[in-house]
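Hello,

Here is the structure for your records. My notes on it follow below.

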Amino acid sequence: MPEVTGAGGSTDAIRIDTPEYHHNPFPTYKLLREQYPVCRVEPGGIWMISRFEDVQFALKRHDLFSSAGVEVMIKPDWIREECKRDLFVLLKDPPEHTRYRAMINKAFVARVINALQPLMLDNAQLLLQQIAAGESVEFLGRFAYPYIGKVITRITGIDEEQDWEEMRVWLELVEKITPMRPDDDFIERVEAAILRQHSYFEAVIRDRRASPRDDLVTRLMEADVGGERLTDLEMRNALELMVGAGFHTTTHLLTHAMMQLARQPGLMPQLRAAPDLIPAFIDELLRFDAPVHLAPRRTVQDVCMHGVRIPKGEMVMVAMGAANRDPAAFPDPDNFDITRPNLRQHMGFGYGDHTCIGSALARMEARIALQTILARFERVSCAPDEELHWVETVTTHGVHSLPVTFQ
Ligand code: HEM
């Protein structure tokens, strides 16, 4: 365990950029929760808040912890001005956030989401038919990417056949952005990707303005709140947010599901016998190892917690991933247990005003994928933990690839 000098002091021994942390952040979260619930971590001396109650508090109090903190992740100093993205609602606080969120809610209605079910089911069946029992396959490439890709392209107006592969490369580059200056080659590639993404979505919006369709992009364009509609720029920002927020999050959720099913062989027969437990399984996945662990915020004024003063204007990582393992909220938190009475209280989809807009869609994607896998295969095994490579992004937790074998 790293030695630290005290809560709120300089804690350069706790790092959230090491391979060990990316692989398994939970020992660090335990240390933080137990001894340093409000403290600075490295790199950059950013603050981390880790206890369940404190995380809820921070995510509710936008008057103290502003979502403008997300800017540090997407608009680092080293990037050209025209490449500094504006991820729309994600960066805003009420009352501006409330107005924009209402517009997205008008587009993201149950009817639109439910209409995607047949597409998900057909695609899941098709992809699984192409995997033979006993064959070793890379789960992301053979199932999760094409399965989630079909949905995300459909809702954001991307041409799946022609453009999705290129868009996926852009997404991967953009996700690697951190405040630390990378090498010049990376800067060049990521800036080019952002500009291409901008012009791609501008073309989608031009197309829908000229010929509206019965889809989410058109509904977003037509969403009217108090006589106000989204401008083209706001539409572009909303689409860029959705494609970024809705892809790797959900593919990580599916890989986490495969890992749990492989580690606990009793789960597959249990879920097959009682499919109504699948939603609880999904919630416990989101608690146990949420794809999004941290939410960046910026203090609006000095904030004092547990006797520690966080000055105004500081970056704070609000650690839902740590809160979800807080024994004060979830007894025996390191045990994966789909019968927990309060498992829906997890913060895998965030908490408060910014709670994930896509949660119903993500739940549906995961449920249909799992039902289809359970119907086709008896068992799944995964590569051992030590062979897995975890992504080195700041806020998300997932693997680069996942070799699996279905039986
Ligand atoms: C398992 C999958 C997903 C997870 C774990 C997840 C997680 C989250 C979290 C934690 C937040 C809150 C961030 C914050 O407070 O700063 C969030 C917000 C958001 N998510 Fe998701 N998400 C998932 C899937 C999706 C999907 C499928 C979409 C849409 C296609 C989506 C769209 C959004 C949007 C637009 C926001 C911003 C909401 C706001 O700022 O008001 N997410 N998500």
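Where is the place of Cys-356? Cys-356 sits in the loop between helix H16 (320-323) and helix H17 (359-376); helices here are DSSP runs of H or I with at least four residues, numbered from the N terminus. Its SG is the only protein donor of the ligand's iron atom, at 2.3 Å (donors are N, O and S atoms within 2.8 Å of the metal, or 3.2 Å for Na, K and Ca; water is not among the atoms, so sites may look incomplete).

This is a predicted model, in which local features need pLDDT of at least 70 and side-chain atom pairs count only at pLDDT 80 or more, while totals for chains, interfaces and linings use all residues. Residues are numbered from 1 along each chain as its sequence is written, and side-chain values use heavy atoms, without hydrogens and water. The protein chain averages a pLDDT (the predictor's confidence in each residue, from 0 to 100) of 92, and 97% of the residues score at least 70. Over residues 1-7 pLDDT stays under 50.

The axes of H13 and H17 come within 10 Å and cross at roughly 40° (axes are lines fitted to C-alpha atoms over the stretch in contact, with angles from 0 to 180 degrees between N-to-C directions). Residues making this contact (heavy atoms within 4.5 Å) include Leu-254 and Met-258 of H13 and Ala-366 and Leu-370 of H17.

H13 (residues 248-263) also pairs with H8 (residues 139-156): their axes come within 10 Å and cross at roughly 135°. Among the residues of that contact are Phe-143 and Tyr-147 of H8, and Leu-254 and Met-258 of H13.

Regards

Definitions and conventions. Helices (H or I, at least four residues) and strands (E, at least two) are DSSP runs, numbered from the N terminus.
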